[in-house]
Structure formats: C-alpha cells, structure tokens
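Let's take a friendly walk through a structure together. Have a look at it first, and then we will go from the whole chain down to single residues.

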Amino acid sequence: MNKGRFYPRMALVNLARNGQFYIPYLLTVMGTAAAYYITLALAATPDLPQTSRYSYLTMFMSIGTFVIAVFAVIFLTYTNSFLMKRRKRELGLYNVLGMGKRHIAIVLGCETLYTAFAGIIGGAALGMLLQKLAMLLLCRMMRMDIVYGFYVSDSAIVGTAILFGVILLFNLLLNLHRIHVQNPMELLRESSAGEREPKTRWPLAVIGVAALGAGYAIAVTTRSAMMALGMYFIAVLLVIIGTYCLFTSVSIAVLKALRANKKFYYQTDHFIGVSGMLYRMKRNAVGLANICILSTMVLVMVSGTLSLYLGSEAALDEQFAGNLRAEVRYDPAEETPFDSAALSAIVSKQLEQRGVSAAPVAAYRYLSFNVNEEQGALEVKKYLSGSSSMVCAMTPSDYAAITGAETPSLADGQMLLFTDGAGQRRNLTFRFAEATDVTLTAAEPDSRYPAPRMFQPSAVDVFYLVVSNGTFQELYVGQQTALGEAGGELMQWNGFWNVDESAVQPDELEQTLDFTGTGSWARLDLDTRSSFAQEYYSLNGGFFFLGVFLGAIFLMAAVLIIYYKQISEGYEDRERYLVMQKVGMEPRTVRRSVNTQLLVVFFAPLAVAAIHVAFDFSLMTRLLTLFSLHNGTLTLLCTAGTLAVFGVIYALVYRVTARAYYKLVKA
Amino acid sequence: MSLLEVSHLQKIYTTRFGGNQVEALKNVSFSVEPGEYVAIMGESGSGKTTLLNILAALDKPTSGQVLLGGKPLSEIRERDMAAFRRTNLGFVFQDFNLLDTFSLQDNIFLPLVLAGQEFGEMERVLGPLAERLGIGDILSKYPYEVSGGQKQRCAVARALITNPQIVLADEPTGALDSRASDRLLDLFGEINADGQTILMVTHSVKAASHAQRVLFLRDGEVYHQLYRGESTQEEQFGRISDTLTVLARGGEANE
C-alpha cells in the first residue's frame, strides 16, 4: 500500500475503533463550536436599532462568547488528556511494533485534522441550524419585537474556526510532547500498572474543609448586596477549592475511617462497597469534583436568572404605583419651592387636553442620603462606598400613601424602621458634621405597619424610616448642613397616574408638556411602565437567555464527564467482578453491590452541588436585590424548581450511562 | 466412597455461528479419594481448562456427570451455586486473582465476608493459617507490594480459609520463578499431608511430580495415569518425563 495513504487511513481506523470515546468527544467539540458560533453570530447581528436596549444584546452575547471560549479551552484540553491516557497502551504498542515517533505524530496529526474538520464544520452547520431558534428565544425573552431573518455570519464562522483550530492544535502539541518524553515500554506498562491505594492527604483535607467552611461562612454572613458583589467571586473560588479537596482527600479520609471500623467494614455489602469506593475515589475524584462544580454552576446560573426574569413584573409593580411615573428631585429651600399638587394637576390636565385620561393615583415624597456607620453613629457622607448604607426617610402620610396602611402616629424622635438585611435595631443616631446628633428610637413593632414596597435601586443596605413631620424636617436640615450644596437636591417626589400607555411617549412628554407653575426643581423624569418594562426585560431577559444557554453547555460537559466516568469504570470493574464471582460471590450480590456503589458515587456530586446551592442561596438573594428583586420566596421556588428539573435530567443521564456500564461489566 | 467422581464427561463447543463443533472433552472418567493429591497433565488443547471449569461448576458438561461428596453438581440450583463453590471448593489460579482494592488480609477474608462471618471469627481462623503459610507479616500489605510467590501463598490462604472439601489449582506455579515454585509445591505437599484433598492442573513436570497421582489427558480423554507410590519425587519426575515423551511421539504407553 502507498505509504502516503497509510497513516491517514490508520488515523481514521483509530478514531472509529475508539468510537466509544471519540464520538462523544467529537459531539462535544461540535456542540461547543455551535454554541460559540451562535453567540458570535448574535453579537454581530446586523442593523440593530441604535437604542441602548438593543446594545444589551451585543453585550450579553459578548459575555457569552467570552465564557464559552474560556470553557472550550479548559474542557477540551481536559477531555483530550483523558482520551490520551486511555490510549497510552495502544500508542506504546505502535512504537514497539516499529512505528517511529514521527509516524505516530503523523497519525495523531491526521486524527486531529479529522476531528477539527468534522468538529468545526459540523459545529458551524449545527450553529446555523440553531441560530434562528436562539434568536427567536432571545427576542422573546428580551421583549424585542424585531425578529431578524436568517443570515450567515462570515466573521462568526472564521472566529469559530480560529478558536477551535487553535485549541485542537494546542492539544495536538500537548499529545506530541507526551509521546516524545515517554519510552514505549513505559507506555505499554502504564495502563496495566497496579493501582495503588490512595493515601490520605491530611493537609489537603484540612485545606478543603477550611476553604469550604470559609466560602460557606461568607455566603451566610454577607448582609449587604454590595458586599455580596465584592465577595461573591472569593466565595466561589473558596468553594471550588473546597470541592476539589473534598472529593480528592476528605472523601478518602472518611472512607478509610469507615474501613478502620472492623465491625462495620467486614459485612458483605460494606466490604465490597467501601473498598470499591476508595478505589474509585482516587481515579475519579477530580471528575466527580468537576461534575459537582459544573452542576452547581448550572443550578446557580439558571435559578438566579430565572428568578430575576420571573420577578420582573413584581419589581415593576413595586416601582409603578400607576403606569405613568414622574420622578422629581428638588430643593425645598428654593424661593419658589416645588409644588407637587400643581404638577399632578398639570400633567392630568394637559394629557386630558390631548384626549388621554390621566387620573393621579398616588404620590409620595422621601429624603435619601448615604451614611457610614462610625463609632455607633451614622455619619452622613456625600459619596457611596463599600461600607455605606442608605437612609430613606418619609413622613407618616407618605408612608400611608405607599403602603395603603393607616397613618401611623409618631412622636418626634420616634421612628418606624424597616431594613433590607441590615438587621433590626432599637436606636439610630445620626451625626451631621457640626450639627447636633439626632437619635431616633424605634416604635414598638406593629403588624399593622408593613414594610414600604417602594423602589430604591441600591447596592447597599437601606434603612427605611418613617418619622414625624418635625423629625423629617430635622433630618433634612441636618444632612443639608453636612453636605452643603449637594444636600439640597436630595428630596425626591414620585407621582403616579394611570394612563393609556399606547397613547403616550414619556420622552416626548418631557419635551412638550408645559411645567410652568410647578415651582423650581432640579430634575424631572417621566416614565411609563411599559417603556420601563422594555428596558427591564432587555436586561433580565438577556441574563435569563445567557443563564439557560450557558447552563445547557455546562450540562453537556457534565454529561460527557459522567459518560466517560461510567465507561472507564466499566472497564476497570469488569475483571474485579469476574474474580469475585470465581471465589464465590453470587451474581446478584455483584449486581447489588455495583448498584449501590454507582448510586453513591453518582449522586454524591449532585448532593454536594445541592448543598452548595443551599448555602449560595442567601448570597444570591442579596445579589438579586441589585437588580431590584426583593422576592425571596420566588427565588426559593425558582431554585427548588431548577434543582428538581436538573435532578430529573441527572437521573436520566444516570440510567442511560449506567446501562453502558452494565454492558461492559457483564461482558 | 470417593470424594470426587467424574464419569463419562463430554463437552462439545459450538463455534459462534454454529459452523464447527469442537469436542474439548470426549470421555473423561476418574475419581479422587479424600486426602488425595492429584495432578492432571496435558498439552495445550488437551481439555485441561475445560475439565477444571466443569469441576468448578463454572461450565456445564454436554453429557456425563460430576459428583462431589456423592452429590451431583448438576443438581445444585443456580442460585445456590456461588455459596456451594464458596463452601466446598477452594481455588488457586495461575495469575493469583487477588484484588488490588483489598489488602492481602482482606483478600483472604473475602470468601468469609461473602459468607457473612463475624470479624472475630475470621481473625481467629486466619492466625494459624497465615503462620503456616509464612505470610503473617505481610497481611496488611497490598497485592502490588509483594512478590509473586507471596501473592500465590495468599491466594492459597484464601482457598483454604473456608476449609473446602477440595482445592482446585490451575497452573499454580505458572507465573512463579523456580524458587517460589519449589516453595509453593512444598507447601501443597504439607497441606496435603494434613489431609487436604488437592486437584491440580499443570504443564509443569516438576509440579506434577509432587502429586501422588498424575493423570494424563490427551485429545479429551484420560490417556494414562501414574501413581507415585513409594518413589521419590526425582524418580517420579523421570517417569513423568518418559511418559510425556511417549505421549509426544504419539505412541501407546506401556506400563
């Protein structure tokens, strides 16, 4: 046979013969490439309207592109090294049979070429097929009314080809290096070498427990959203470290402790199970940790973005007592102070002149300023910092207007205090530079007074205060003295009307309404609920799409690792179970023991992921307040739902892959 | 009464697509008395492995039957088979078949654990046995940490710990160097002297010369047998060699 054609043919035969491992690998390359193509293509959507909410689409897709690229590099390299480990013996044999390393390199090169060819072309084709579907979903989630036709993005194809070409080339070079440094006898021996019993690595176990504990502690103790944002990645990192240590060493320490308990260990089921799991843990600890982390990521991403998405309406309701809103910032000390009643009337009247009925439905006024807690007192600050809190004060009548509760009667110096995470307190002392301190005492908690559901987009803890008119004035004067010029404009008035939204354009209203007679104010913003909702959904919908999309990719990775784990364990276990049957183990005992071990090892990552998610929950609810989601129950339901759906998918994957495993063990 | 009675065993394998039939055993009959030490010799393809698999109840004969302690193997129900093997038979394999997941001690305990014995009881039984086999100080090690000879002695311990009616050994010296082989064969001799029945399948003339009786298998039939009687192991070695030479020439043995 022609030598030039021999190696390419051999490469093809190799791929086919290792199909059990290579076909899933190829599918993964294709899937990841398709996902990468889709995000690239959507990010480059042509002819987008030039408004900010359409730029979110590009932003979200760019984030997606970046995450998938990083993921592809890590995951495909990991998978490749797994595949090569399995093939060591085969490659060693080629070498012994007289193929030079150069020839093996040619074969491996051809294999990579085939994989790249099929993976990239197949991936781009799959991407194009799914592109339209992704676009439809995205438009729907982001509430965009324009659905684009089909287009092929050349730049996305080129981008996909370059990224995956580079990754595969990089892996090929790694493989060639591996072969280069190994001698054939080593290669041959490698896969048949006796497996050592795993050692307990105490330092790692200690680090793991400490890292996990610290990560959990951060998650549980963080109270403010701002802190949550800052600490989130530290917590995630700690938990990831902890997870790896947990699976690689803590598990082994626990199993060894079980083995040391002779009464427990020397019972048929425990005997086989504990020793088998010890053995498995060494081989598969990293794989299990990977599955666990990927699962956690999927769960957190999907449940977080889902609750954000589903919470949108409630968040909008909080902000819109009526569907047209005016926000006015003003300085009450001006010569002709802002006249809220006049504004209400003017807006209603002028809209009615245009044939749009606009009844005022609610209005309230509040004062907000930043404070830092120092030496037991809240010191007024001009700028927000990480340790800041925000004070949002209102009078009893405005409180009643917001909540619909009865007007509380409060003496001067008394307050109703509502906090978002900052904990309940009896007293608050305000310090305003040179002015005297103002100390407020909380009135007895009373179930008649619900927390005001008003919108205050804030990254920090907010103290919602209801105080008497006199104290309100005192606070206003105090902060104004402390902040000087900047303090004056911090009074805010929100007014609401119910209008036919299709008939009004908030931007146009701002320009054309005649506001004479409303006094002087610093800023006036008009918004309708629907225009605001569009903006809102293009953010939350984008997040949700990204959460689900990336969740699907990570899920695919987890499934592939699970599949490889089952297959490689199947090969390992086959001989062990043969021997056990020879020395008198009943086949059904074998089956039962295999089952138990598989179940425990299989569902351990899911259980740990669920624990991670449980601890992450409070951190996530804090973070979600940044996006004005204050509905803990909704987040809980979304998390539980996501976990349930994920659990079902996981169990299905288990059933399918366990079948592949049994086939191997029985043969 | 004989401990093991094999009568008119025939085993026919049919190739996968039903084309060719291979007769691995034609007509094998012999018996083993309690306390006997019997070696079965034969070239590759003579049916040794098939015979052993049938004796171990891992395979079923096409016709004929095997009686252990007067009870036909064919009458044991499938679900009781494992327990039967565990309590009545002890196995020693060419490649040891020790599990890397267990320490040597746990490998030896395996059949007892499968039978649901108490740990204290197991330990009590193992003590003297380990002493006897010279493996007392390596029990906590793992199979990959010890030599082939040590592994095989542990495998012997695993075979003996259930106090089986008969030990079936399949080429027990096949993977050992000559020193380790000698030691193992001496051990078999001692165990047999204590009354343990042993049936060994082997290629090795030396191994066979330790047995009290050697059966020669050729083309699926017992072709000849040699009793050691009062002769020394060296004399027996010579007689076996001669027989094998005759066998190889294809002639009839004349006793």
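## Chain A as a whole

In this predicted model, chain A contains 18 helices and ten strands. Its C-alpha trace spans about 100 × 65 × 45 Å along the principal axes.

Of the 667 residues in chain A, 42% are buried. Taking the contacts in chain A between residues at least 6 apart in sequence, 84% join residues at least 24 apart.

## A helix with a bend

Now find helix α3 of chain A, which covers residues 52–96. This helix has 45 residues, and the distance from its first C-alpha to its last is 64 Å, close to the 66 Å expected at 1.5 Å a residue. Look along it for Arg87(A), where α3(A) bends by about 50°. After α3(A) comes Gly98(A), which has a positive phi near 110°.

## A buried alanine

Next, move to helix α7 of chain A, residues 202–221, where you will find Ala211(A). Is Ala211(A) buried or exposed? Ala211(A) counts as buried because it has 20 C-beta neighbours inside 10 Å, and 20 or more is the cut-off for being buried.

Leaving aside residues up to four places away in sequence, Ala211(A) touches Leu238(A), Ile241(A), Gly242(A) and Cys245(A). Arg143(A) is another matter: it sits 68 residues from Ala211(A) along the chain, and their C-alpha atoms are separated by 42 Å.

## Where the two chains meet

How many residues of chain B are in contact with chain A? There are 22 of them, and they meet 19 residues of chain A. On the chain B side, the elements giving two or more residues are α2 (78–88), α3 (104–114) and α4 (119–133). The largest share, six residues, comes from α3(B). Sorted by class, this side of chain B has 14 nonpolar, three polar and five charged residues.

## Two loop residues in chain B

Finally, visit two loops of chain B. Glu171(B) lies in the loop between β7 (166–170) and α6 (178–193). Although Glu171(B) is not a glycine, its phi is positive, about 50°. Glu171(B) is buried, because 20 other C-beta atoms lie within 10 Å.

Asp219(B) belongs to the loop between β9 (213–218) and β10 (221–227). Its phi is near 50°, again a positive value in a residue other than glycine. With 14 C-beta neighbours inside 10 Å, Asp219(B) therefore counts as partly exposed.

Terms used
Residues are numbered from 1 along each chain as its sequence is written. Chains are lettered from A and ligands numbered from 1 in the order in which they are written. This is a predicted model: local features need pLDDT of at least 70, side-chain atom pairs count only at pLDDT 80 or more; totals for chains, interfaces and linings use all residues. Two residues are in contact if their C-beta atoms, placed from the backbone, lie within 7 Å. Helices (H or I, at least four residues) and strands (E, at least two) are DSSP runs, numbered from the N terminus. Ala, Val, Leu, Ile, Met, Phe, Trp, Tyr, Cys and Pro count as nonpolar, Asp, Glu, Lys and Arg as charged, and the others, Gly among them, as polar. A residue is buried if 20 or more other C-beta atoms lie within 10 Å of its own, exposed if 12 or fewer, and partly exposed in between; C-beta atoms are placed from the backbone. The expected span of a helix is 1.5 Å times one less than its number of residues. The bend at a residue is the angle between axes fitted to the seven residues ending there and the seven starting there.
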